[in-house]
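Q: Take me through some of the labels used for this structure. For each one, set the value against the cut-off.

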Amino acid sequence: MQNSDAMALSTALLAAAGELTQRIHEGVVARGFEGVRPAHGFAFVRLAPDGATVTDLATHLGMTKQAASQLVDELVRRGYVERRPHPADARARLVVLTESGWACTRAAEEAAAEAVRAWVDVLGESEVRALRDRLLRVAPGGRIRPAW
């Protein structure tokens, strides 16, 4: 692949990811979840289904433990997560979604489905499924690290 082709692919993937993030965020806000940022949603992805430590969350988001702790503090204040004793490590705390956090996660899933339906309208369902399968082959871990 030529450098220019690789750059065009990189640009298209980043643009698609940015547009998808924006559409999901707008859908979450439209469903009544004000005061959330895309970074919160990226944290929710790691916290569901069983919770995570602040260290796990920091690794997932590619940020320092201090920044992740501040993010968790903000989410606790907003009622989206709570800290609980860790079942396997008495020194650690487990951060888990509250019912409000789960409701916000469900709103994000609905918004994501709407956004992807727009892709189906353009590409067709089989092409979107093929795109998903191919992207999962090159990025199987699915780690999400926001840049903001």
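Q: What makes the nonpolar surface patch, and how is a patch defined?
A: Met 1, Leu 9, Leu 13, Val 122, Leu 123, Leu 131, Leu 135 and Val 138 make a patch of about 790 Å². Patch residues have over 30% relative accessible area and no salt bridge; like charges are joined within 9 Å, nonpolar side chains (Val, Leu, Ile, Met, Phe, Trp, Tyr) within 5 Å. A salt bridge is a side-chain nitrogen of Lys or Arg within 4 Å of a carboxyl oxygen of Asp or Glu. Areas come from the Shrake-Rupley method with a 1.4 Å probe, and for residues only the protein chains shown count as cover. The model is predicted: local features need pLDDT of at least 70, side-chain atom pairs count only at pLDDT 80 or more, and totals for chains, interfaces and linings use all residues. Residues are numbered from 1 along each chain as its sequence is written, and side-chain values use heavy atoms, without hydrogens and water.

Q: Why is Leu 9 called partly exposed?
A: Leu 9, in helix 1, has 43% relative accessibility. Buried means under 20% relative accessible area, exposed over 50%, partly exposed in between (1.4 Å probe, protein chains only). Leu 9 therefore counts as partly exposed.

Q: Why does Glu 125 count as partly exposed?
A: Its relative accessibility is 46%, so Glu 125 counts as partly exposed. Glu 125 is in helix 6.

Q: Why is Thr 53 called buried?
A: Its relative accessible area is 13%, so Thr 53 is buried. Thr 53 sits in the loop between helix 2 (38–47) and helix 3 (54–61).

Q: Why is the pair of Phe 33 and Tyr 80 called tilted?
A: The ring centres are 6.5 Å apart and the planes meet at 45°, so the pair is tilted. Rings of Phe, Tyr and Trp (its six-membered ring) pair if their centres lie within 6.5 Å; planes under 30 degrees apart count as stacked, over 60 as edge-to-face and the rest as tilted.

Q: What are the values for the pair of Phe 44 and Tyr 80?
A: This tilted pair has 5.8 Å centre to centre and 55° between the planes. Phe 33, Phe 44 and Tyr 80 form one aromatic cluster.

Q: How do you know that Phe 44 is buried?
A: Its relative accessible area is 4%, so Phe 44 is buried. Tyr 80 has 7%, so Tyr 80 is buried.

Technical notes. Helix = DSSP H or I, 4+ residues; strand = E, 2+ residues; numbered from the N terminus.
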